[in-house]
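Q: Please walk me through this model, one feature at a time.

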Amino acid sequence: MKHILISLAALAVLSPLNAQIKGPLTINNPTDIELQTKIHASALAEQWADAFKVFKATPGVNLEIVTSKDGLALTLSNIHTLETTDTITKGGNLLYAVQRIGNRDYTVVLDPRQICYIRQMKAD
């Protein structure tokens with residue numbers, strides 16, 4: 001009986017050692033990567049919207065959003081609001097900006113990863 005208990009104890013000690021994974025393990029799960037991208041974009045959208053609240057859109061101040069795609073910089077001038085699109089997309093991973101040109105307001109939908117920076121300057 002004592003011999004069987006010693007054998008079982010030795011077997012219990014050795015079995016976890018055999019179950020260990022050795023070496024680097026690469027997991028490529030496209031759905032997890034897609035979910036991670038959505039989560040990061042949503043957090044980035046909230047950060048841009050919160051940062052924009054620091055600025056005050058007044059008649060003498062011009063707020064601009066500078067975006068970049070393929071190395072080409074675009075500037076959106078006369079921005080009055082910048083908010084996340086929680087009501088439009090699940091997770092709020094996009095932004096919408098209201099751009100005033102003359103007497104008209106235009107809505108611009110942005111991916112938060114497109115924004116390089118937001119700047120505030122005196123209007124001409």
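**Reading the fold and its contacts**

A: Start with Gln99. Gln99 is buried, at a relative accessible area of 12%; buried means under 20%, exposed over 50%, and partly exposed in between (1.4 Å probe, protein chains only). The model is predicted: local features need pLDDT of at least 70, side-chain atom pairs count only at pLDDT 80 or more, and totals for chains, interfaces and linings use all residues. Residues are numbered from 1 along each chain as its sequence is written, and side-chain values use heavy atoms, with hydrogens and water left out.

Q: Where does Gln99 lie, and which residues does Gln99 touch?

A: A contact means heavy atoms within 4.5 Å. Gln99 sits in strand S4. Leaving out residues up to four places away in sequence, Gln99 touches Leu76, Ser77, Asn78, Ile79, Arg104, Asp105, Tyr106 and Val108.

Q: What does the side chain of Gln99 reach?

A: Think of polar contacts: pairs of N or O atoms within 3.5 Å; within protein, one must be able to donate a hydrogen and the other to accept it, and residues adjacent in sequence count only if both atoms are side-chain atoms. Here the Gln99 side chain reaches the backbone oxygen of Ser77, at 3.1 Å.

Q: Asn78 is in that contact list. What is the phi of Asn78?

A: Phi is near 55°, a positive value in a residue other than glycine. Asn78 belongs to the loop between strand S2 (72-76) and S3. Asn78 is partly exposed, with a relative accessible area of 32%.

Q: How many helices and strands does the chain have?

A: Helices (H or I, at least four residues) and strands (E, at least two) are DSSP runs, numbered from the N terminus. The chain has 2 helices and 6 strands. Along the sequence the pattern reads α-α-β-β-β-β-β-β.

Q: What share of the 124 residues is buried?

A: The buried share is 23%. As for sequence range, 50% of the contacts with a separation of 6 or more join residues 24 or more positions apart.

Q: Which residues have the most contacts inside the largest nonpolar core?

A: A nonpolar core is a set of buried Ala, Val, Leu, Ile, Met, Phe, Trp, Tyr and Cys residues joined through side-chain atoms within 4.5 Å. The largest one has 15 residues, and Ile65, Ile79, Leu82, Leu95, Leu110, Ile115 and Ile118 have the most contacts inside it. Helix H2 (30-52) and strands S1 (61-69), S3 (79-84), S4 (95-101), S5 (104-110) and S6 (115-122) each supply at least two residues of this core. H2 gives the largest share, 4 residues.

Q: What is Leu110 in contact with?

A: Setting aside neighbours within four places in sequence, Leu110 contacts Ile65, Thr67, Leu76, Leu82, Leu94, Leu95 and Ile115.

Q: Why is the pair of Phe52 and Phe55 edge-to-face?

A: Rings of Phe, Tyr and Trp (its six-membered ring) pair if their centres lie within 6.5 Å; planes under 30 degrees apart count as stacked, over 60 as edge-to-face and the rest as tilted. The count here is 1 aromatic pair. The ring centres of Phe52 and Phe55 are 6.3 Å apart and the planes meet at 70°, so the pair is edge-to-face. Phe52 is buried, at 5% relative accessible area, while Phe55 is partly exposed, at 21%.

Q: Is Tyr117 buried or partly exposed?

A: Tyr117, in strand S6, is partly exposed, with a relative accessible area of 40%. Beyond neighbours within four places in sequence, Tyr117 contacts Trp48, Glu64, Ile65 and Val66.
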